[in-house]
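Dear colleague,

Please find the sequence and the structure below. My findings follow directly after them.

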Amino acid sequence: MDAVRLSALSASLAGTGLLDVTRAFGGALHRSVTRRSATGLLLVGTEAYEPWHLAAHLDEEAVACGVGALAPLLVRHRVPPGAPAHLASGLHRLHAARRGETVLVVAPGAAGEGLLERVDDARRGGATVLALDSGDPELGSLAHERLAVPVAGEGPFDLVQHLVGAAASAPPSGGMRSRLARLAGQLMAPPVLHW
């Protein structure tokens with residue numbers, strides 16, 4: 001995301017309280033994957049939207065902060081033949097989710113009946129369900145923790161994913177604000193030219 005777009009988005013989100021709710025949601029994600037009984041993070045999107053961006057961001061944050069449990073397993077609606085093992089988990093994986101696992105659903109649009117059924121399976125199996133969505137009431141009713149992005153469009157949703165990753169990687173002892181401020185500074189800085 002370039003600095004001009006981020007600046008415009010930041011201005012449009014000013015005063016919405018989005019940073020505070022994002023910080024709280026990121027903290028819930030952090031606690032869920034680091035609790036003593038935690039066994040893994042499953043990340044899934046909708047049929048029309050695979051959350052590659054958030055998966056990559058969480059992987060980077062997991063390495064940067066030393067919390068390996070933040071590195072998600074990407075669950076896909078359609079797994080192409082011959083997909084490598086780390087990209088070959090289909091929706092059936094949600095049906096098998098159990099206590100100790102966290103399912104993070106990213107849905108910038110409607111979740112869809114098939115996904116809702118699988119998320120319900122995961123919840124019934126004892127998994128913790130978190131949802132980052134645009135206000136889908138059915139998905140919201142299944143989630144233990146939820147962040148409904150109050151603005152439409154791909155740009156704000158993209159920004160929130162950056163903020164959630166940064167908030168989830170921050171230590172729960174108060175370093176979150178400085179981590180988010182540092183991330184915002186990096187995103188708004190002019191690009192570094194590599195020669």
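**Helix α2**

Helix α2 covers residues 18–34, and its 17 residues should span 24 Å at 1.5 Å a residue; the end C-alpha atoms are 24 Å apart, which agrees. The expected span of a helix is taken as 1.5 Å times one less than its number of residues. Helices (H or I, at least four residues) and strands (E, at least two) are DSSP runs, numbered from the N terminus.

Please note that this is a predicted model, in which local features need pLDDT of at least 70 and side-chain atom pairs count only at pLDDT 80 or more, while totals for chains, interfaces and linings use all residues. Residues are numbered from 1 along each chain as its sequence is written, and side-chain values use heavy atoms, with hydrogens and water left out.

The buried residues in α2 are Leu18, Thr22, Arg23, Phe25, Gly26, Gly27, Ala28, Leu29, His30, Ser32 and Val33. Here, buried means under 20% relative accessible area, exposed means over 50%, and partly exposed lies in between (1.4 Å probe, protein chains only). Helix α2 lies across β1, β4, β5 and β6, and runs at about 150 degrees to β5. For that angle, axes are lines fitted to C-alpha atoms, for helices over the stretch in contact, and angles run from 0 to 180 degrees between N-to-C directions.

**The chain as a whole**

The chain contains eight helices and six strands. Along the sequence they follow the pattern α-α-β-α-β-β-α-β-α-β-α-β-α-α. Of the 195 residues in the chain, 46% are buried. Among contacts (heavy atoms within 4.5 Å) with a separation of 6 or more, 67% are between residues 24 or more positions apart. The accessible surface of the chain is about 9,600 Å², and carbon and sulfur atoms account for 57% of that surface. Accessible areas come from the Shrake-Rupley method with a 1.4 Å probe; for residues, only the protein chains shown count as cover.

**The sheet**

The six strands form an open sheet with parallel pairing, in the order β3-β2-β1-β4-β5-β6. At the edges stand β3 (89–90) and β6 (145–148), each with a single partner strand, so one side of each has no neighbour in the sheet. Two strands are said to pair if DSSP finds at least two bridges between them.

Strand β1 is mostly covered, with four of its five residues buried. On one pairing, five bridges join β1 to β4 in parallel, and Leu41 has Thr102 in β4 as its bridge partner. On another, β1 and strand β2 (residues 73–76) pair in the parallel sense over three bridges, where the bridge partner of Leu42 is Leu73. A crossover is right-handed if, with the strands pointing away from the viewer, the path from the first strand over the helix to the second runs clockwise.

Strands β4 (residues 101–107) and β5 (residues 128–133) run parallel and are joined by six bridges; Thr102 has Thr128 as its bridge partner in β5. A right-handed β-α-β unit is made by β5, helix α6 (residues 137–142) and β6.

**Two individual residues**

Leu42 is found in strand β1 (residues 40–44). With a relative accessible area of 2%, Leu42 is buried. Beyond its neighbours within four places in sequence, Leu42 is in contact with Leu73, Val75, Arg93, Leu94, Ala97, Glu101, Thr102, Val103 and Leu104. Leu42 and Pro72 lie 30 residues apart in sequence and 5.5 Å apart in space, C-alpha to C-alpha.

Ala69 is placed in the loop between α3 and β2. Its relative accessibility is 31%, so Ala69 counts as partly exposed. Not counting residues up to four places away in sequence, Ala69 touches Val33 and Leu41. Ala69 and His30 are 39 residues apart in sequence, with their C-alpha atoms 8.7 Å apart in space.

**Helix α5**

The twelve residues of helix α5 (residues 113–124) should span 16 Å at 1.5 Å a residue, and the end C-alpha atoms are 16 Å apart, which agrees. Leu115, Leu116, Val119, Asp121 and Ala122 are buried in α5. The buried residues of this helix pack against β1, α4 (92–95), β4, β5 and α6. Gly126, which follows α5, has a positive phi near 105 degrees.

With kind regards
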